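Student: I have just opened this entry and would welcome a guided look. Could we go through it together?
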Amino acid sequence: MAFTPKLTYRGRPLVRSNNEIYYGNMADPFVVFMQVLTEKEQGGVKIADKVQVMLLSTDTAKALPERVVKQGTKVGLYTALDIGSIWLDRALRDAAEA
């Protein structure tokens, strides 16, 4: 039985475990890894403040430091998801053209 994600963003799966979020399909050559570094409280709810975003290769033959293609820190989860989506789209497009 195929995995069906419960949460998606722009048609790709989002998987969260505590302060770590993976965006994309692990069968693709790249995924986005996001780690919530700080949170702030707004209206009685904790929301992500600083988020580290990394575009990672899914090639498990490489060591983890070699798998990091791009990385940056963004303010807000939506901004991090948006930039991660752009990085992932470009990386997958370039991989398909190669």
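Student: Which residues of α2 are buried?

Tutor: First, a note on the source: this is a predicted model, in which local features need pLDDT of at least 70, side-chain atom pairs count only at pLDDT 80 or more, and totals for chains, interfaces and linings use all residues. Residues are numbered from 1 along each chain as its sequence is written, and side-chain values use heavy atoms, with hydrogens and water left out. The buried residues of α2 are A80, L81, G84, S85, W87, L88, A91 and L92; buried means under 20% relative accessible area with a 1.4 Å probe, protein chains only. Helices (H or I, at least four residues) and strands (E, at least two) are DSSP runs, numbered from the N terminus.

Student: What do those buried residues pack against?

Tutor: They pack against β1, β2, β3, β4, β5 and β6, where contact means heavy atoms within 4.5 Å.

Student: In what order do the strands lie in the sheet?

Tutor: The six strands form an open sheet, β1-β2-β3-β4-β5-β6, with antiparallel pairing. At the edges are β1 and β6, each of which pairs on one side only. Two strands pair if DSSP finds at least two bridges between them.

Student: How many bridges join β5 to β6?

Tutor: Seven bridges join them. L55, for instance, has K70 in β6 as its bridge partner.

Student: Changing topic, where is R12 found?

Tutor: R12 is in strand β2, residues 12-17. Its side chain makes a polar contact (N or O atoms within 3.5 Å, one able to donate a hydrogen and the other to accept it) with the side chain of D89, at 2.7 Å.

Definitions and conventions: Buried means under 20% relative accessible area, exposed over 50%, partly exposed in between (1.4 Å probe, protein chains only).
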